[in-house]
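Please view the structure alongside the text.

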Amino acid sequence: MNDVTNSKLKKLKQYAFDKDSTLKFIEFLMQKTEVIAPQNKGQASYSYEIVKDAKDVVLDYPRTIQPLKKFFLPPVEDLLAFDLNANTYQEEKIEAKDKIFFGIHNYELEGIKRLDYSFKKGNPESNYLTRREKSMFIGISYEPDSYHFSESVGIPADKIDGFCLFFDKISNKSDYMVFVVDENGQKLIDSFGKVNEVKSKAEITAKKFQNKVKLHYNRIPQVFDHVYKSKVWDKVAERCVGCGTCNLLCATCYCFDVRDEIEINAKDGKRTRFWDGCMLNTFAEVAGGENFREKLNQRTRHRLYRKFKYITDHSGELHCIGCGRCSKYCPADISIVEIINSLIDDYTTQQKKN
Amino acid sequence: METLNVEKKNLYNPVISEILKVESLTATEKRFEIALPKSAMLNHKPGQFVEVSIFGFGEAPISICSSPTRTPTFELTVRKTGRLTDKMHELKAGNALGIRGPFGNGFDIEKFKGKDILYVAGGIGLAPLKSLIDYTIDKRNDFKRIIILYGTKNPAEILFPKEIEEWKKRSDIEFYITVDRPDDKWKGNVGVITTLIPPLELDVENTIVSVVGPPIMYKFVIMSLKGKRIPDENIYLSLERRMKCGVGKCGHCQINGSYVCQEGPVYHYPRCKELEEAI
């Protein structure tokens with residue numbers, strides 16, 4: 001994991017932004033390209049949307065309901081358009097489009113990096129990777145709520161590599177210290193031109209996380225080596241309803257299914273892919289009716305192993321970003337941190353016995 | 001941020017291919033001979049599969065039942081058991097199909113050379129195995145004994161009757177068949193496939209076993225093979241899962257951390273032991 005450490009942060013150029021210059025900066029970005037940023041969606045809920053008016057952008061928000069993945073892996077996407085009579089098809093053309101994501105929390109960008117890994121590995125997939133091209137990310141700091149636990153999965157408040165700029169809130173009046181993380185960020189600042197460089201070098205404000213995993217993140221995969229048969233999975237399954245919300249809201253889940261749809265003219269149709277989730281009952285079912293993960297305890301275990309073990313064994317990264325969405329939106333109030341901590345307890349007890 | 005600069009591909013475009021021949025094997029199984037456009041070769045290995053698609057009906061993984069030694073066309077044996085395969089059974093010679101693949105690893109044939117080869121096929125498991133059986137028959141001198149064990153529920157479900165007659169006639173192939181539920185005309189063995197294993201006389205250290213059948217079968221066959229003292233390293237299994245995309249992305253076929261469409265469907269038995277969900 002290659003962090004931009006605080007010693008490196010001190011070498012980054014820094015600029016002071018107040019509320020007004022931030023607003024003007026968003027407007028400046030909107031003149032250049034499409035800007036996507038968090039906006040209000042109903043009451044106390046937030047969503048990443050294309051910005052139509054810079055004033056709609058919300059800079060203080062705990063998290064959006066959906067992670068950023070919807071822009072690169074749409075919930076439903078056409079793969080092919082076919083002609084049933086002629087047995088011919090046209091592949092959907094996906095164009096890479098310049099876009100700037102503004103006001104993004106650092107764990108969210110880590111989620112995108114995990115998805116990049118998954119879509120690049122083995123057979124690099126053009127659908128995802130083409131949409132993903134020409135994207136720039138401008139980060140913003142956040143106050144962890146009782147669901148965030150990013151620090152526990154190796155994403156502390158000062159992890160900002162991958163952004164071009166990072167806005168660190170330094171007062172309650174919406175004043176920001178803006179860190180220039182790469183040359184693209186510097187170009188944006190230079191062409192914006194309305195802000196002054198700050199010579200005294202600040203650090204990114206440290207944050208306190210209430211929600212914590214009780215073991216260092218480097219050791220979590222090791223715990224997963226020993227808890228496959230833990231009773232914790234059964235306990236979670238007693239409460240889980242198998243709705244798949246955790247899959248849909250997860251920043252690093254990307255499993256999908258594909259189906260064909262025919263138009264009313266019975267001639268034209270489309271092959272579309274749509275998000276699927278390993279928590280859903282039929283996910284591992286084959287045509288003959290055999291279901292290879294029929295029980296909820298098996299499915300919960302599979303989901304967690306995909307976050308902390310299976311992909312991690314290849315990528316070297318945890319594929320959970322600590323955003324807390326799966327826990328906040330779980331209808332059965334299941335907390336992923338409680339699951340991990342229970343597994344750690346199980347593991348610790350085993351180690352003591354041996 | 002790590003570069004996105006990789007050679008990316010559209011992974012989901014099928015190649016429109018032509019059905020050359022359809023043959024009814026049982027009440028629920030048909031064999032299709034398929035040609036890629038411009039006589040292109042599929043270039044598959046025994047044990048691999050393709051994604052078959054019919055527009056409007058979707059896509060499904062089907063294992064290839066013909067040997068690459070018998071190209072340029074290839075064959076699929078398909079059980080009528082879902083939306084796509086129901087539709088497939090309505091198709092005739094001259095109709096079109098979409099093909100993606102071949103996918104998966106296939107059998108590690110190099111490890112089979114110079115060895116006695118034991119095949120254990122249950123039900124429709126004979127279809128994927130036939131690709132390898134034909135391969136070893138076509139290159140007969142590369143292998144020592146060839147022993148085929150085949151079990152079905154009843155005589156009406158027996159696949160490839162013509163081939164089976166050939167196998168029975170040949171002195172260099174040992175073929176044994178059993179059915180669980182005989183009909184009035186059946187004169188052969190009765191019982192599950194594992195009843196064929198104990199009577200075999202095998203040079204166990206030099207026998208490579210390939211097992212393909214319904215999920216329930218594997219544990220019992222493994223137990224019987226262990227009873228014969230066949231080393232674990234000599235056993236290969238082909239596992240069925242829902243290989244929806246074939247390219248290691250969609251997640252449906254995963255056995256623990258292993259994508260069956262990438263690492264499988266053929267697994268070395270020692271590897272299966274590491275995968276709790278495998279059998």
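In this predicted model, chain B falls into domain 1 (15–103), domain 2 (109–226) and domain 3 (239–279). The centres of domain 1 and domain 2 of chain B, taken over C-alpha atoms, are 23 Å apart. Their contact involves 19 residues of domain 1 of chain B and 18 residues of domain 2 of chain B.

Together, domain 1 and domain 2 of chain B bury about 1,500 Å², with 56% of this area on carbon and sulfur atoms. On the side of domain 1 of chain B, B:P46, B:C65 and B:R70 account for 29% of the area buried against domain 2 of chain B, more than any other three residues. Four salt bridges are counted between domain 1 of chain B and domain 2 of chain B. In a salt bridge between B:R31 and B:E163, the closest N and O atoms are 2.8 Å apart.

The next topic is empty space. Rolling a probe the size of a water molecule over the atoms shows where such space is left. The count of cavities of 30 Å³ or more is six. The table gives the volumes of the spaces described here.

| Space | Volume |
|---|---|
| Largest cavity | about 170 Å³ |
| Second largest cavity | about 120 Å³ |
| Second largest pocket | about 450 Å³ |

The largest cavity is lined by 19 residues, and A:C240, A:C246, A:R303, A:C330 and A:I334 are the closest to its centre. Helix 8 (245–249), helix 9 and helix 12 (336–353) of chain A each give at least two residues to the lining of the largest cavity. By class, this lining has 13 nonpolar residues, five polar and one charged.

For the second largest cavity, the lining consists of 16 residues, of which A:C250, A:C320, A:C323, A:C326 and A:I336 are the closest to its centre. At least two lining residues of the second largest cavity come from each of helix 9 and helix 11 (325–328) of chain A. The lining of the second largest cavity divides into nine nonpolar, four polar and three charged residues.

Which residues lie nearest the centre of the second largest pocket? They are A:E290, A:F292, B:E277, B:A278 and B:I279, out of 20 lining residues. Helix 9 (296–310) of chain A and helix 4 (217–227) of chain B are the elements that give two or more residues to the lining of the second largest pocket. That lining holds ten charged, eight nonpolar and two polar residues.

Methods: Residues are numbered from 1 along each chain as its sequence is written. Chains are lettered from A and ligands numbered from 1 in the order in which they are written. This is a predicted model: local features need pLDDT of at least 70, side-chain atom pairs count only at pLDDT 80 or more; totals for chains, interfaces and linings use all residues. Side-chain values use heavy atoms; hydrogens and water are left out. On a 1 Å grid over the protein atoms alone, a cavity is a set of points where a 1.4 Å probe fits but cannot get out, and a pocket is an open set with protein on both sides within 12 Å along at least five of seven lines; lining residues have an atom within 4 Å of a point. Grid points are joined across faces, edges and corners, and a volume is the space filled by probe spheres set on the points. Helices (H or I, at least four residues) and strands (E, at least two) are DSSP runs, numbered from the N terminus. Ala, Val, Leu, Ile, Met, Phe, Trp, Tyr, Cys and Pro count as nonpolar, Asp, Glu, Lys and Arg as charged, and the others, Gly among them, as polar. Domain bounds come from an automatic or database domain assignment. Contact means heavy atoms within 4.5 Å. Buried area is the accessible area (1.4 Å probe) that two parts lose on being put together, summed over both. A salt bridge is a side-chain nitrogen of Lys or Arg within 4 Å of a carboxyl oxygen of Asp or Glu.
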